[in-house]
Amino acid sequence: MMTAIVIYVAYLVISIGLTIWVAGTLSKNGEIFLIDCFGHDEKLARSTNHLLVVGFYLVNLGFILLALQFGHPPDDAAGAIRFLSSKIGLSVLVLGAMHFFNMNAIAKFGRKVGTWFREGQWADAAMHGQPAEPAHPA
């Protein structure tokens, strides 16, 4: 017979492990995207990337911990698999929703920040009588 403690620990280990893996993957691969969105301002992109990762952890870990209260742990192995798969499946859906929310926000606001950055480059160059460098190097 499975104890409730073993089932809850398995849920926490798997869900938190998935959260850490997804956050690391998104952070590593998303930095290049952010650098491009923010007009090649690497400092702004890295700072934004870090803030997104912190927010990602807070929301997902909060959800995972709150979800512990839902449902009743089963008494047999088949029930434990169903219980774990539904809880972990819900956590994965939340991870995916957070990813799409972040990507939408970055795409929307990143283009705006990139435009401001490029406009600033052109304005600064015009004030100093110099030709502006292209926003995206070849």
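These legends accompany close-up views of a predicted model.

**Figure 1. Overview of the chain and its three helices.**
The chain contains 3 helices and 0 strands. Read from the N terminus, the order of elements is α-α-α. Helix H1 covers residues 4-37, helix H2 covers residues 42-66, and helix H3 covers residues 77-127. Of the 138 residues, 28% count as buried. Among contacts with a separation of 6 or more, 73% are between residues 24 or more positions apart.

**Figure 2. The salt bridge between Glu-31 and Arg-46.**
The whole structure holds 2 salt bridges. In the one shown here, Glu-31 pairs with Arg-46, and their closest N and O atoms are 2.8 Å apart. Glu-31 belongs to helix H1 and Arg-46 to helix H2, so the pair ties together parts that are 15 residues apart in sequence. Glu-31 is partly exposed, at 22% relative accessibility. Arg-46 is also partly exposed, at 42%. Side chains of opposite charge can pair when their charged atoms come close.

Glu-42 and Arg-46 meet through their side chains in a salt bridge, with an N to O distance of 3.2 Å. Both residues lie in helix H2; they are 4 residues apart, which is about one turn of the helix. Glu-42 has a relative accessible area of 39% and is therefore partly exposed. Through shared partners, the salt bridges join Glu-31, Glu-42 and Arg-46 into one network.

Lys-87 is found in helix H3. This residue is buried yet has no salt bridge. The nearest side chain of opposite charge belongs to Asp-75, 15 Å away; a salt bridge would need a side-chain nitrogen of Lys within 4 Å of a carboxyl oxygen. The Lys-87 side chain instead reaches the backbone oxygen of Ala-67, at 2.3 Å. Leaving aside residues up to four places away in sequence, Lys-87 touches Tyr-11, Ala-67, Leu-68 and Phe-70.

Ile-5, Val-9, Val-13 and Ile-14 form a nonpolar patch on the surface. Together these four residues have about 370 Å² of accessible area. Val-9 lies in helix H1. With a relative accessible area of 44%, Val-9 counts as partly exposed.

**Figure 3. Ile-81 of helix H3 and its distance to Ile-7.**
Ile-81 lies in helix H3. The residue is exposed, with a relative accessible area of 60%. Ile-81 and Ile-7 are 74 residues apart along the chain, and their C-alpha atoms are separated by 9.1 Å.

Methods
Residues numbered from 1 in each chain as written. Predicted model: local features only at pLDDT ≥ 70, side-chain atom pairs only at ≥ 80, totals over all residues. Heavy atoms only, no water. Patch = residues over 30% accessible without salt bridge, like charges linked within 9 Å, V, L, I, M, F, W, Y side chains within 5 Å. Areas by Shrake-Rupley, 256 points an atom, 1.4 Å probe, with all protein chains shown as cover. Helix = DSSP H or I, 4+ residues; strand = E, 2+ residues; numbered from the N terminus. Buried < 20%, exposed > 50% of the residue type's maximum accessible area, 1.4 Å probe, protein only. Lys, Arg positive; Asp, Glu negative; His and termini not counted. Polar contact = N/O pair within 3.5 Å; in protein donor to acceptor, adjacent residues only side chain to side chain. Contact = heavy atoms within 4.5 Å.
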